[in-house]
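Please look over the sequence and the structure first, and then read on.

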Amino acid sequence: MSLKEQFEAAVGRSQSLTKRPSNEELLELYALYKQATEGDVTGERPGGFDFKAIAKHDAWADLKGKDADTAMQAYVQLVERLVQQYA
């Protein structure tokens, strides 16, 4: 199975967890997914009181420079860990 196929399977598995991961784990999933599929974060950092958007932007920005394959591999590994913990 190619890395892209493993990644796509992990995306599906992440949506079928029976318990909700922690906010930190969800942010890590989001950031790795965005880095793997879109590359480095673009646009301005959200302002005001939209703390959720700010946290998501910052988590993604922390991965700046990480290539797509590395982000996909990290995502697959994180989902494996979450499946063991929350499935």
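What volume does the largest pocket have? The volume of the largest pocket is about 420 Å³, where a volume is the space filled by probe spheres set on grid points that are joined across faces, edges and corners. Of the 18 residues that line this pocket, Arg 20, Leu 26, Leu 27, Leu 29 and Tyr 30 are the closest to its centre. A pocket is defined on a 1 Å grid over the protein atoms alone, as an open set of points where a 1.4 Å probe fits, with protein on both sides within 12 Å along at least five of seven lines, and lining residues have an atom within 4 Å of a point.

The model is predicted, so local features need pLDDT of at least 70 and side-chain atom pairs count only at pLDDT 80 or more, whereas totals for chains, interfaces and linings use all residues. Residues are numbered from 1 along each chain as its sequence is written, and side-chain values use heavy atoms, with hydrogens and water left out.

**The pocket lining**

The helices α1, α2 and α3 (51–61) each supply at least two residues of the lining of the largest pocket, and the largest share, six residues, comes from α2. Helices here are DSSP runs (H or I, at least four residues), numbered from the N terminus. By class, the lining has eleven nonpolar, three polar and four charged residues; Ala, Val, Leu, Ile, Met, Phe, Trp, Tyr, Cys and Pro count as nonpolar, Asp, Glu, Lys and Arg as charged, and the others, Gly among them, as polar.

**Helix α2**

Helix α2 has 16 residues, which at 1.5 Å a residue should span 22 Å, and its end C-alpha atoms are 22 Å apart, in agreement with that expectation. The expected span of a helix is 1.5 Å times one less than its number of residues. The buried residues of α2 are Glu 25, Leu 29, Ala 31, Leu 32, Lys 34, Gln 35 and Ala 36, and what covers them includes α1, α3 and α4. Buried means under 20% relative accessible area, exposed means over 50%, and partly exposed lies in between (1.4 Å probe, protein chains only).

Lys 34 of helix α2 counts as buried because its relative accessibility is 16%. Leaving aside its neighbours within four places in sequence, Lys 34 is in contact (heavy atoms within 4.5 Å) with Gly 39 and Trp 60. Gly 39, which comes just after α2, takes a positive phi of about 85°.

**Helix α4**

The N-terminal end of α4 is capped by Asp 67, a side-chain oxygen of which lies 3.1 Å from the backbone nitrogen of Asp 69. Among the buried residues of α4 are Ala 71, Tyr 75 and Val 79, and what covers the buried residues of this helix includes α1 (3–14) and α2 (23–38).

Ala 71 counts as buried because its relative accessibility is 0%. Not counting residues up to four places away in sequence, Ala 71 touches Leu 32, Gln 35, Ala 36 and Lys 66. Ala 74, also placed in α4, counts as partly exposed at 21% relative accessibility.

**Ser 14 and separations along the chain**

Ser 14, found in helix α1, is buried because its relative accessible area is 17%. The side chain of Ser 14 makes a polar contact with the side chain of Tyr 75 (3.2 Å), and, not counting residues up to four places away in sequence, Ser 14 touches Tyr 75 and Val 79. A polar contact is a pair of N or O atoms within 3.5 Å; within protein, one must be able to donate a hydrogen and the other to accept it, and residues adjacent in sequence count only if both atoms are side-chain atoms.

The table gives separations between C-alpha atoms.

| Residue pair | Residues apart along the chain | C-alpha separation |
|---|---|---|
| Ala 71 and Ala 31 | 40 residues | 8.9 Å |
| Ala 74 and Leu 32 | 42 residues | 7.2 Å |
| Asn 23 and Lys 4 | 19 residues | 26 Å |

Asn 23, placed in helix α2, is partly exposed, with a relative accessible area of 48%.
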